[in-house]
Amino acid sequence: MSDEREPATRGRLDHDIYAARSMRCEDVWHSGSSTLKLYTITATPEPMNAGAMDAAREIVDGDGAANGVGFVILHRGEEALWLLLHWWMPGGILAERLWSSPLEGPIAFEPRDRPLMACVWELVPIAFERDAYVRTVMNGRSDDDYLRQRLPDGRY
């Protein structure tokens with residue numbers, strides 16, 4: 001049987017078609033010596049539930065790796081609940097830790113190894129945060145100036 005789809009879509013699954021997702025800047029977390037913006041992304045219309053945010057906060061607070069300013073992305077996708085912790089290091093380097101939890105059952109974040117980095121939806125706040133960091137800290141402004149810059153809530 002021949003594949004009659006266009007060559008550009010041959011071999012792709014239906015879930016590889018882009019659909020905008022809701023994104024919100026929920027809060028600023030103070031965790032140890034870090035101050036982190038919290039972004040949530042949801043594949044469904046329902047907002048992120050408090051239990052998922054509490055579980056994410058527990059992981060971030062217990063990690064201890066972040067130092068300084070950065071951001072957290074909590075993403076309820078179609079296949080898992082993803083937690084990404086990012087913090088800025090000297091020289092404009094963005095460090096990252098990554099965890100996931102099954103969507104069904106109790107939330108149980110497990111660390112994920114490379115080569116995973118981020119999906120196309122998570123790259124939206126990552127790109128915004130890169131630009132915000134360049135506009136502020138890397139141009140002589142303060143960490144507080146950086147922390148005040150937030151990706152507007154919406155569908156991206």
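Author: Buried means under 20% relative accessible area, exposed over 50%, and partly exposed in between (1.4 Å probe, protein chains only). Buried residues make up 39% of the 156 residues in this chain. The model is predicted: local features need pLDDT of at least 70 and side-chain atom pairs count only at pLDDT 80 or more, while totals for chains, interfaces and linings use all residues. Residues are numbered from 1 along each chain as its sequence is written, and side-chain values use heavy atoms, with hydrogens and water left out.

Reader: How do you know how many disulfides to count?

Author: A disulfide is a pair of cysteine sulfur atoms within 2.5 Å. The sulfur of Cys25 has its closest cysteine sulfur in Cys119, 17 Å away, so that is too far for a bond. Looking from Cys119, the closest cysteine sulfur is in Cys25, again at 17 Å and too far. The count therefore comes to zero disulfides.

Reader: What makes a set of residues the largest nonpolar core here, and which members touch the most others?

Author: A nonpolar core is a set of buried Ala, Val, Leu, Ile, Met, Phe, Trp, Tyr and Cys residues joined through side-chain atoms within 4.5 Å. The largest one has 20 residues, and Tyr39, Val69, Phe71, Ile73, Trp88 and Tyr146 touch the most other members. β1 (22-31), β2 (34-42), β3 (68-76), β4 (81-89), α2 (123-135) and α3 (143-148) each supply at least two of its residues. The largest share, four residues, comes from α2. There's also a second, separate core of 19 residues, including Ala55, Leu83, Leu85 and Trp87.

Reader: Which residues does Val69 touch?

Author: With residues up to four places away in sequence left out, Val69 touches Thr35, Leu36, Trp87, Trp88, Tyr133, Asp143, Tyr146 and Leu147. Contact means heavy atoms within 4.5 Å. Across the chain, residues 24 or more positions apart account for 53% of the contacts with a separation of 6 or more.

Reader: What makes those stretches helices and strands, and how many are there?

Author: They are DSSP runs, numbered from the N terminus: H or I of at least four residues for helices, E of at least two for strands. The chain has three helices and seven strands, running β-β-α-β-β-β-β-α-α-β from the N terminus on.

Reader: Where does Pro115 sit, and is its peptide bond from Arg114 cis or trans?

Author: Pro115 lies in the loop between β6 (110-111) and α2. The bond from Arg114 to Pro115 is cis, with omega near 25°. Most peptide bonds are trans.
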